[in-house]
Amino acid sequence: MLAAEGRHEEARAVFDENFEVADLREGADSIGLLWARLDDAPLPARYDFRMWPGGE
């Protein structure tokens, strides 16, 4: 919601707080897509649920 409202700094801060993803299917890339909107750095491993290396 924060990112959708253009509040990217606040949305990025949520990642820094090490949130837990309770209901996300293995292989889902929604977290990675959100991260890509917020930061140019690689997706932190703790949030990488993709099934393919590097998300390609």
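Author: Let's begin with a working rule: two residues are in contact when their heavy atoms are within 4.5 Å. Please keep in mind that this is a predicted model.

Reader: Thanks! Leaving aside neighbours within four places in sequence, which residues is leucine 43 in contact with?

Author: Leucine 43 is in contact with Ile31, Gly32, Trp35, Asp48 and Arg50. Leu43 also belongs to the largest nonpolar core, together with Ala3, Ala11, Phe15, Ile31, Trp35, Leu38 and Tyr47. Helix 1 and helix 2 each supply at least two residues of this core, and helix 2 gives the most, with three.

Reader: What do nonpolar side chains tend to do in soluble globular proteins?

Author: In such proteins they tend to be buried together.

Reader: How should I read the faces of helix 2, and which of its residues are buried?

Author: Here is the general idea first. An α-helix has 3.6 residues a turn, so residues three or four places apart point the same way. Now the case at hand: Ile31, Gly32, Trp35 and Leu38 are buried in helix 2. Seen down the helix axis, these buried residues fall within an arc of 120 degrees, so they line one face of helix 2. They pack against helix 1. On the other side of helix 2, Leu33 and Ala36 are exposed.

Reader: Let's turn to charges. How many salt bridges does a search of the whole structure find?

Author: Side chains of opposite charge can pair when their charged atoms come close. The search finds four salt bridges here. One of them joins arginine 12 and aspartate 39, at 2.7 Å from N to O. Arginine 12 is in helix 1 and aspartate 39 in the segment after helix 2, so this pair ties together parts that are 27 residues apart in sequence. Aspartate 39 is partly exposed, at 21% relative accessibility.

Reader: And which residues are linked in a network of salt bridges?

Author: Those are Glu5, Arg7 and Glu10. Arginine 7 pairs with glutamate 5, their closest N and O atoms being 2.8 Å apart, and with glutamate 10 at 2.7 Å, N to O. Arginine 7 is partly exposed, with a relative accessible area of 35%.

How values were computed. Residues are numbered from 1 along each chain as its sequence is written. This is a predicted model: local features need pLDDT of at least 70, side-chain atom pairs count only at pLDDT 80 or more; totals for chains, interfaces and linings use all residues. Side-chain values use heavy atoms; hydrogens and water are left out. Buried means under 20% relative accessible area, exposed over 50%, partly exposed in between (1.4 Å probe, protein chains only). Helices (H or I, at least four residues) and strands (E, at least two) are DSSP runs, numbered from the N terminus. The arc is that of the directions from the helix axis to the C-beta atoms. A nonpolar core is a set of buried Ala, Val, Leu, Ile, Met, Phe, Trp, Tyr and Cys residues joined through side-chain atoms within 4.5 Å. A salt bridge is a side-chain nitrogen of Lys or Arg within 4 Å of a carboxyl oxygen of Asp or Glu.
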